[in-house]
Amino acid sequence: MEKTIYIVDDEESILKMLTHWCKNQWGYNVKTFSNGKDFLKSLNENPDLVLLDIMLPDINGNEILSKIKTYEPSLPVIMLSAQGSVEVALESIRLGAFDYFPKPIDKNRLESSVRNAIKNYDLERELKNLKEDIRKEFSFDNIISADKKMQEAFRMVSKVLHNDITVLIQGESGTGKELIARAIHYNGSRKDAPFVVVNCASIPRELLESELFGHEKGAFTGAHQRKIGKFELANGGTIFLDEIGEMDIALQAKILRVIQEKEFERVGGNEIIKTDVRIISATNRDLRECVEKKLFREDLYYRLSSFPITIPPLRERRGDIVVLIDHFIKKNNEKLGKNVKGVTKKALKLLYDYDWPGNVRELENTIERCIILTEGDYIDTDVLPPSITSGEISAVLPSNGILFDDNSPIIPLEKLKEEAIKHALKVTDGNIVEASKKLKIGRATLYRLMEKYNIDYKK
């Protein structure tokens, strides 16, 4: 797309010279103005750059610059002046000018400045559009639910958008805790600042402190240079501590200090680093129970849970299953270039009756898989996973094992174990700690069985 430069100068010879350079030699569209009033009337036409003389007959160039910055702060303005004084140049830069050129103008330096200014403006607009797309993606309109319990959760979320109270989002794996956290951030007062995610369960305990707070060079073996931690990267924005219940109790004390004092030190460092970060945390564990078992600090629990929000599991809001199936079909049709129209009644009943231990995440993965496998217009039972069609894997295992009815097919025990592990890894998005807990086996046992069944699950 061709770029447009507005040139504002009361000297006709300067206008002709700059027009020749910008239009004939550098390939830009050009529009010229001999006074400030005419220029300001055309500002809403959205140029890509303004070359602005400071000494105009009607309005001072710096006054016009201030008006431009009020209208469009990112629009680059290059100031021109015959005065050539340092004070004039500094005042222009202070008011937000991209660059300043005394007259006579250095053509080569101006060309370089013009190209850089337009390039930077393009990047800023692209970033602005990207941020707007992210806000739309995480708007509450995109969180699909018709359930009263979820509507209550949304009502609670709306209360915390424009303050910095710490929020604890509670719910099973796959219920959409991170989606809620992002919605709080991108619809709140910190929406233009960073949103940084830390999964406390997926990072080894001995590395999590460095990940959160950073480290100095030489702090430990392998620390070859300084590392900036997540709390520094999130400064001014939000840090989302996912699966906070998995955090080592010794590290919890440092999180408490950040909340109370708004400061921390890098690993191996002595410098006190101030931070302005909103903390949103999430867990699928019962933190009250963890406190009673001395696995979680009581003082930190009360700090984190100043405003608790609970996301109910999908099996407790089955009305959402039908709504979400329709949403995921439309989403994956567009993504995969398919035209699946819906689900057969028999398949829909199985999907509705299933307990969805992996909640919304599992449902989304299931619908995507079904759309890939479906050849006709409707998803039928033949493309549903065995866990849904035969009921051999239950969301909560009963005391006497897995339930079968009289019509269930006989499944080899080894095959059932293999499918159970694959299912757990899929539901937990490859989180070994969480998968082993769901399966009620140790991590070492899970790794051994993954090797036995040749399961190579990468998150």
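Modeller: Glu289 pairs with Lys293 in a salt bridge, and their closest N and O atoms are 2.9 Å apart. Glu289 is partly exposed, at a relative accessible area of 37%. Lys293 is exposed, with 52% relative accessibility. The cut-off for exposed is over 50%, so Lys293 falls in that class. Keep in mind that the model is predicted.

Next, a pair inside a helix. Glu178 and Arg182 form a salt bridge, with 3.0 Å between the closest N and O atoms. Both residues belong to helix H7 (residues 177-186). They sit 4 residues apart there, about one turn of the helix. Glu178 is partly exposed at 29% relative accessibility. Arg182 is buried, its relative accessible area being 19%. Buried means under 20%, so Arg182 qualifies.

Now a pair that links separate parts. Glu11 and Lys103 meet through their side chains in a salt bridge of 3.8 Å, N to O. Glu11 is partly exposed, with a relative accessible area of 35%. Lys103 is buried, at 17%.

Some charged residues join in a network. Salt bridges link Glu216, Arg226, Glu232, Arg266 and Glu271. Over the whole structure, the search finds 37 salt bridges. The pairs Glu289 with Lys293, Glu178 with Arg182 and Glu11 with Lys103 are salt bridges of this model.

Methods: Residues are numbered from 1 along each chain as its sequence is written. This is a predicted model: local features need pLDDT of at least 70, side-chain atom pairs count only at pLDDT 80 or more; totals for chains, interfaces and linings use all residues. Side-chain values use heavy atoms; hydrogens and water are left out. A salt bridge is a side-chain nitrogen of Lys or Arg within 4 Å of a carboxyl oxygen of Asp or Glu. Buried means under 20% relative accessible area, exposed over 50%, partly exposed in between (1.4 Å probe, protein chains only). Helices (H or I, at least four residues) and strands (E, at least two) are DSSP runs, numbered from the N terminus.
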